[in-house]
Amino acid sequence: MSGDGENAGGTGGAAESRPAGTTTEREPAGTAPAGQTRPGKAGAAEGADTGTAARLQKLFEGHRLTPTQRRIAHCMVRRAADAPFLSSVELAELAGVSQPSVTRFAVALGFDGYPALRRHLREVAPTGKRGDTGTANEYQQAVEAEIDNLRQLAAALADPSPVIEAGRLFAASRPLPVLGLRAATAQAAGFSYFARKVHPDVRLLDEGGTMLTDRIDAAVRAGASALLCFALPRHPREVLDALAYARTAGLTVVTVADSAFAPVAHHTDLLLPAPVGTGLAFDTACAPMLLGRVLLEAMCDALPDAQARLEEFDAKAAARGLFVE
């Protein structure tokens with residue numbers, strides 16, 4: 001498997017989760033109920049990942065889970081298609097926890113033990129089983145899985161209020177820092193490129209190290225009130241540290257992450273999940289990229305002079321002959 005885009009079994013550290021698409025308190029809270037999550041392996045029957053993931057989310061709703069149990073939950077929603085067929089040992093290995101922790105997790109959900117939990121998942125799972133590949137090759141399967149991710153994102157956007165709130169926060173923040181390290185650099189850079197056309201001061205934070213907190217401090221001193229983060233697997237520890245620092249500095253953190261159970265959830269005020277594909281050697285991130293464009297639209301709606309800025313740019317681009325078409 002690969003480095004930054006590796007479909008790793010663990011989460012890279014236990015994290016407390018937040019309700020997806022909602023503002024959260026600064027203190028640790030119970031597990032997040034809703035939100036779109038990473039699918040299982042590409043090649044499961046169409047709709048299997050979405051259906052199983054939704055059932056898993058409903059199953060976790062209302063239960064106060066420990067950080068270790070949230071780590072197991074995160075693993076299960078990432079492997080939604082496989083979850084009904086994993087043994088307790090397999091799930092423990094994938095989540096990077098002990099087998100007794102898996103048993104305690106099942107009991108915390110109200111089952112007599114893990115076999116009862118797995119039996120329940122098999123009873124409510126779609127008809128497609130792990131390993132059902134049909135006639136599609138592995139490349140087609142990866143594309144189909146990504147299409148399913150976009151369907152999950154579309155379903156999440158049926159309630160546009162979290163995105164509208166994020167757009168309002170971005171429009172009001174002057175400057176607006178945008179954080180994305182390693183695998184998430186492209187999403188952060190793409191958002192920043194377009195955001196600068198309508199927002200007066202967008203600052204891309206795409207390099208880690210000791211200077212990262214300095215740049216967050218500089219943004220706060222300049223008047224920043226919010227920070228946008230793109231956080232994708234594998235989640236760098238630097239990102240968690242930077243978000244914790246940003247909140248301590250008084251910034252409202254909005255994060256686009258692969259799952260409501262991602263490690264960054266504990267350090268986020270408004271979490272917007274967008275699943276990533278795991279069927280290829282490197283993860284695919286069409287849904288996070290598209291969610292970034294949706295956030296741009298929401299920010300434009302909240303900026304009264306956005307259209308005027310775009311028209312001004314178009315006029316200058318035409319005068320300079322900037323584009324060939």
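The model is predicted: local features need pLDDT of at least 70, side-chain atom pairs count only at pLDDT 80 or more, and totals for chains, interfaces and linings use all residues. Residues are numbered from 1 along each chain as its sequence is written, and side-chain values use heavy atoms, without hydrogens and water.

**Cysteines**
- The number of disulfides (pairs of cysteine sulfur atoms within 2.5 Å) is 0.

**Helix 8 and helix 11**
- Helix 8 (residues 185–195) and helix 11 (residues 286–302) have axes that come within 10 Å and cross at roughly 25 degrees.
- Helix 8 is therefore roughly parallel to helix 11, the class for angles under 35 degrees.
- On the helix 8 side, the contact (heavy atoms within 4.5 Å) includes Gln187, Gly190 and Phe191.
- Helix 11 contributes residues including Pro288, Met289 and Arg293.
- By class, the contact of helix 8 with helix 11 has 8 nonpolar, 3 polar and 1 charged residues, with Gly counted as polar.

**Helix 2 and helix 3**
- Helix 2 (residues 67–78) packs against helix 3 (residues 88–95) at about 100 degrees, and their axes are 9 Å apart.
- This angle makes helix 2 roughly perpendicular to helix 3, a class that covers 65 to 115 degrees.
- Arg71, Ile72, Cys75 and Met76 of helix 2 meet Leu91, Leu94 and Ala95 of helix 3.
- The contact of helix 2 with helix 3 has 6 nonpolar, no polar and 1 charged residues.

Methods: Axes are lines fitted to C-alpha atoms, for helices over the stretch in contact, and angles run from 0 to 180 degrees between N-to-C directions. Helices (H or I, at least four residues) and strands (E, at least two) are DSSP runs, numbered from the N terminus. Angles under 35 degrees count as roughly parallel, over 145 as roughly antiparallel, 65 to 115 as roughly perpendicular and the rest as oblique.
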